[in-house]
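Hi,

Here is the structure I promised to pass on. Have a look at it first, and then read my notes on its aromatic rings below.

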2 protein chains.
Amino acid sequence: MKYTLILLFIALISNAQIKKEQLDLMPWPQTINVTNDTFKLGKNFKLNITGNPNSRIFIGATNFLRRLDGLTGLFFDQGFVTKLNEFPKAELQINCTQNGKIALHQNESYQLDITPNKIVINAHSDLGALHGLETLLQILQNNSTEYFFPTVSINDFPRFTWRGLMIDVARHFQPVDVIKRNLDAMAAVKLNVFHWHLTDDQGWRIQVNKHPKLTQLGSDGLYYTQEEIKSVVKYADERGILVVPEIDVPGHASAILTAYPEIGSAKNMSSPYKIERNAGIFNPTLDPSNPITYQLLSEIFDEVCPLFPGAYFHIGGDENEGKEWDANPKIQEFKKKIKLVTNHDLQTFFTMKLIPMLKKHNKQLMGWEEIMTKDMSKNAIIHSWKGPNEGLPVGQSVANAAKNGYQTVLSNGYYLDLMQSVNDHYLNDPIPENSTLTVEEKAKILGGEATMWSELVSPATIDSRIWPRTAAIAERLWSSQEIIDLSSMHKRMKNVSFRLEELGITHIKNKAMILRNISNNQEIKALAEFSNICEPLKIYSRNAGGTEYQMYSPLTLFADACSADASDALDFDIAVNRFLKNNNTENQQSVINFLNKWMVINTDLINLSLNAPLIQPILPLSKSLSDLSQQLLVRIKDKRVNNSLLLIELLEQCNSKNHADVELAVYKSLKKLMDN
Amino acid sequence: MKYTLILLFIALISNAQIKKEQLDLMPWPQTINVTNDTFKLGKNFKLNITGNPNSRIFIGATNFLRRLDGLTGLFFDQGFVTKLNEFPKAELQINCTQNGKIALHQNESYQLDITPNKIVINAHSDLGALHGLETLLQILQNNSTEYFFPTVSINDFPRFTWRGLMIDVARHFQPVDVIKRNLDAMAAVKLNVFHWHLTDDQGWRIQVNKHPKLTQLGSDGLYYTQEEIKSVVKYADERGILVVPEIDVPGHASAILTAYPEIGSAKNMSSPYKIERNAGIFNPTLDPSNPITYQLLSEIFDEVCPLFPGAYFHIGGDENEGKEWDANPKIQEFKKKIKLVTNHDLQTFFTMKLIPMLKKHNKQLMGWEEIMTKDMSKNAIIHSWKGPNEGLPVGQSVANAAKNGYQTVLSNGYYLDLMQSVNDHYLNDPIPENSTLTVEEKAKILGGEATMWSELVSPATIDSRIWPRTAAIAERLWSSQEIIDLSSMHKRMKNVSFRLEELGITHIKNKAMILRNISNNQEIKALAEFSNICEPLKIYSRNAGGTEYQMYSPLTLFADACSADASDALDFDIAVNRFLKNNNTENQQSVINFLNKWMVINTDLINLSLNAPLIQPILPLSKSLSDLSQQLLVRIKDKRVNNSLLLIELLEQCNSKNHADVELAVYKSLKKLMDN
């Protein structure tokens with residue numbers, strides 16, 4: 001009886017009006033109007049497609065049905081959607097005026113109207129309709145027994161046309177299934193450009209039939225066949241995503257030069273080129289004075305370009321320090337002969353040679369910002385990646401490109417491998433409010449792109465570096481500039497994170513898997529809790545110098561189970577802030593609970609470690625935190641505020657970066673607590 | 001200090017002599033001798049390969065290094081193994097006399113000798129060496145700080161040459177990555193035949209260039225390209241696994257006939273053939289009287305056979321009830337004309353036509369046991385699948401085939417989709433000890449094959465149906481007939497199960513994922529605990545009749561998170577048995593703890609269900625168990641033995657099969673407890 005009453009009560013409050021703030025939409029739509037009613041989802045739910053869409057909408061609609069029945073457990077009658085106007089009376093009507101094209105500057109808008117008996121998606125093309133279906137999935141609500149959609153009217157379109165994710169498959173190869181599940185996740189948050197970093201010092205990852213040595217000698221057997229490339233491009237197309245391939249030249253060339261040393265710039269070949277196993281910037285560089293270099297590249301482009309129907313081709317161009325060029329008299333002579341002064345000039349000469357090779361295939365050249373010199377074609381797209389870490393002010397590099405008249409894409413501030421807080425990425429606007437750019441210059445900024453460099457990610461961990469954080473970047477690139485509330489973003493991202501699992505994203509489940517291995521198949525609770533207050537070392541400080549990890553070193557360690565924005569650290573910070581504001585019993589108890597918990601975790605970890613060598617490296621950190629917690633408990637209970645030397649020493653031990661490649665994400669909050 | 005002492009103590013006992021029984025080897029080797037020492041694993045560990053192996057050993061050795069460093073977190077110097085004799089002084093020496101061939105009846109033996117400073121694997125070929133490396137990984141031990149191998153001498157070889165796993169990719173398509181991770185897992189337990197059930201009523205899953213309609217109309221877009229097929233065959237070869245394709249004819253033909261209705265046996269085409277969405281036995285059957293049938297099949301074989309270098313081709317041949325044949329006068333006339341009496345005769349006529357088509361490609365025909373009639377070629381291999389469920393005594397069908405002079409493979413008793421206990425599979429010997437077959441007849445029994453029919457599995461759940469149970473079947477097929485101790489098997493299988501995660505097998509992590517979805521992203525502890533005492537309905541009683549689930553219905557339900565051999569049910573049974581044997585306080589408390597826990601779980605589930613509709617279907621079952629637990633607690637504490645009507649009724653409610661497609665796996669133990 002009591003149970004029935006509770007159910008009834010919940011059913012009542014759940015069906016009460018849903019507020020806008022309750023919806024976990026991400027990216028947040030341009031306009032949304034929520035009304036006081038619901039559309040109830042039942043087994044008979046069907047959808048119908050009208051208009052003139054591209055056939056990708058059928059795949060998108062079928063996937064939508066399968067995801068919706070997976071989430072709800074409802075046994076929909078409708079199986080595979082394959083035709084227009086199959087069920088004219090269906091509850092969900094999708095109308096697309098035009099056949100969507102996979103390109104920039106397309107009309108991606110959609111209108112979603114949910115009324116109690118009907119859902120209508122009106123979109124310019126299938127591209128917008130796919131976005132609308134993702135919004136519909138995100139807006140799903142439930143009470144205790146039913147699923148429903150709140151009645152809303154949404155009008156939505158993106159702020160930027162380039163909303164990208166780059167995945168580096170050179171440092172650590174990522175098999176096709178990893179790429180495909182990430183394409184699904186991209187589509188779920190309305191990203192539309194997949195930038196595929198296919199070559200680097202550590203590997204050449206794309207089959208070239210005319211030059212099989214590239215993969216035979218430069219890939220360790222880890223590469224995509226052309227058919228696999230095609231299947232990824234098709235999969236992306238079906239999800240409204242443009243694929244931009246990158247062949248990185250003239251630097252980052254160890255792998256290509258392992259296969260074709262004859263086009264390298266090294267003065268002598270006494271130490272032959274080898275696939276690079278470390279991380280960093282390396283010397284191997286193509287020889288810009290050698291005609292064979294251009295012949296080979298041209299033949300590579302002739303094979304690679306047709307695999308990618310999109311209009312853009314990324315040629316890298318970054319981090320060429322020109323050491324091999326400087327050391328090679330033949331190249332110096334060449335430079336003089338064609339009257340070039342600097343290595344930048346020489347690189348521009350090189351890059352300009354590539355433009356017609358790509359133009360032949362209707363491709364526009366794109367490169368990292370180093371390609372931007374005074375002689376570089378204004379048709380090139382400049383990919384901005386430098387910022388404070390490289391000694392440049394935030395935003396300067398992308399603004400410079402725009403001022404210089406180049407179309408440009410921002411990646412500085414979106415480097416996922418740096419393990420920074422999502423807040424930093426979220427607040428990094430391609431065109432900040434205080435921007436002094438002209439309207440015309442602003443229009444040159446196409447958007448932004450999250451970059452997943454893969455020095456320290458394996459197929460098992462890459463998702464946990466990309467997701468859910470990239471959802472916040474996606475919102476920055478799609479939603480209105482004013483959408484910047486951090487706590488709303490965190491709340492919504494939590495739900496997006498959960499929903500990403502249905503697309504196969506492994507960020508949650510593989511964390512548990514890694515912890516099971518670390519614990520040697522013992523109970524992982526204490527490890528999981530400790531991992532929720534630890535973060536991997538940030539901004540290149542893990543694997544500092546690039547030589548501790550080889551590209552085949554294990555990434556099954558505690559740091560690999562941790563991620564940026566450690567969840568309990570966020571909660572502890574909130575507790576500390578409350579306590580500092582008001583030292584009442586409740587707030588005090590909340591802090592005490594954390595401290596007690598960390599002492600218990602330490603004991604549990606010690607016990608686990610008796611049968612798990614991989615736990616040993618984290619014990620010093622867990623002991624420091626436990627010792628400090630013990631002292632802080634005394635201090636809080638005694639209401640003393642003076643910090644003994646011991647306490648200060650213990651705090652500093654909690655700031656150590658010397659253990660297990662992680663740092664305690666609660667350090668700052670602990671310091672705040674002590675400094676009080 | 002205390003901590004250090006404990007560590008020291010553990011280090012001491014861990015390094016003490018390892019007993020044979022402590023090793024979690026599976027399949028158990030033919031002979032093993034453990035001595036009193038260890039080989040300590042360090043960062044400098046290297047391996048070296050000598051002899052005349054196939055190059056697959058290099059891939060196997062590289063994978064071995066990566067798995068070993070993944071498990072241990074050690075940063076080995078050795079990266080990719082690509083050459084013979086690269087490190088002559090390496091601690092692990094692998095010598096293969098011959099180049100292994102992927103075929104039946106190969107010498108797969110290996111000798112593994114571990115001494116304190118050296119490990120030697122001597123194998124006839126790389127096939128045995130790969131088995132030896134798997135054994136070495138399984139034998140890894142650790143104390144609190146180090147990993148080591150115990151010193152052992154193992155001499156090992158398989159009992160049967162055919163140790164297979166079949167995966168049905170027709171009912172639910174399984175993408176390439178699902179197949180590949182399962183090949184890895186197969187190799188880990190020394191299985192050597194992957195039987196790929198590629199076609200059925202629910203889908204035609206292999207591209208045939210000459211007949212594109214097969215996949216265009218018969219696959220819903222879900223099929224393997226020929227390049228994907230090749231990549232799977234290569235992947236299998238690298239792991240020592242033979243791939244046997246199956247094109248199921250003349251029955252199970254709905255998909256092929258959807259593409260080519262003209263070769264169907266239906267009398268009229270008023271209701272055209274369609275891809276089947278339900279489960280069961282269906283009428284669509286190829287027309288054996290139509291020459292075009294044979295022409296098409298011959299052309300299909302001409303394309304499909306060369307993709308599979310192995311010597312065997314499975315043509316299905318099962319469950320043709322001949323209804324379309326009986327109803328079609330043209331076919332009846334044909335039968336009369338060629339003087340055949342029964343439909344079995346007609347099917348034999350049909351099957352015999354296929355033999356030369358396959359022989360042309362050096363393939364031997366294999367089929368399900370229905371193909372065995374008096375006129376069937378003795379060269380055909382008979383795949384035995386019928387047993388008690390089909391009204392035949394255990395073992396009769398495989399024995400019949402052997403007596404009739406056919407080579408034969410046993411699958412009856414290894415049907416993974418029936419959700420039976422692993423014990424049943426484990427004790428199902430292809431040649432039982434009491435077998436009356438002659439030595440010659442016994443030699444006809446090639447081995448056995450676990451079959452994963454996919455009516456009720458998705459790519460997300462299939463691993464949890466196959467694993468870890470198939471490891472026990474693998475042991476039955478590899479190890480000596482006397483290895484039948486169930487508790488040893490369960491103990492070892494637990495560790496194998498954990499280790500399968502490193503190969504990408506998702507049985508553990510996807511369970512948590514499904515439960516997160518069911519709980520609507522709430523805490524899953526109670527759900528997980530309840531799932532550990534529930535099992536999916538067995539032996540075709542889930543989806544009884546085959547029409548409740550369509551092939552696109554959700555498999556994200558509670559039953560999909562549960563699996564056979566519910567872990568806590570096994571533990572509860574042990575507790576009950578102890579209690580019934582000796583009603584002391586400790587044994588009593590152990591039973592009481594379970595009962596209390598189930599009452600708490602019920603309360604937790606009710607609370608979770610307030611925000612999770614997918615939990616509703618399991619509440620009646622959890623309530624029944626909770627109610628019964630409450631009554632039993634009273635009974636145990638009062639030491640009464642009489643069962644009230646209420647108690648009996650509650651027990652029967654716990655035996656219900658009407659909720660959420662699961663049954664309580666603790667019912668029998670509860671009954672035992674009450675019957676006492």
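Over all chains, the count comes to 42 aromatic pairs (rings of Phe, Tyr and Trp, the last by its six-membered ring, with centres within 6.5 Å; planes under 30 degrees apart are stacked, over 60 edge-to-face, the rest tilted). One of them is A:W368 with A:W453, a tilted pair at 5.5 Å centre to centre and 45° between the planes. A:W368 is in strand β14 (residues 364-368) of chain A, while A:W453 is in the loop between β17 (445-452) and α15 (462-466), so the pair ties together parts 85 residues apart in sequence. (Helices, H or I of at least four residues, and strands, E of at least two, are DSSP runs numbered from the N terminus.) A:W368 is buried, at 0% relative accessible area, and A:W453 is buried too, at 9% (buried is under 20%, exposed over 50%, partly exposed in between, with a 1.4 Å probe and protein chains only).

This is a predicted model, so to speak of local features we need pLDDT of at least 70, and side-chain atom pairs count only at 80 or more, whereas totals for chains, interfaces and linings use all residues. Residues are numbered from 1 along each chain as its sequence is written, chains are lettered from A and ligands numbered from 1 in written order, and side-chain values use heavy atoms, without hydrogens and water.

Chain A also has an aromatic cluster formed by A:F39, A:F45, A:F64, A:F76 and A:F149.

Finally, two charges over rings (NZ of Lys or CZ of Arg within 6 Å of the ring centre and within 35 degrees of the ring normal): A:K353 lies over A:Y294 at 4.9 Å from the ring centre, and B:R476 over B:Y426 at 4.6 Å.

Cheers
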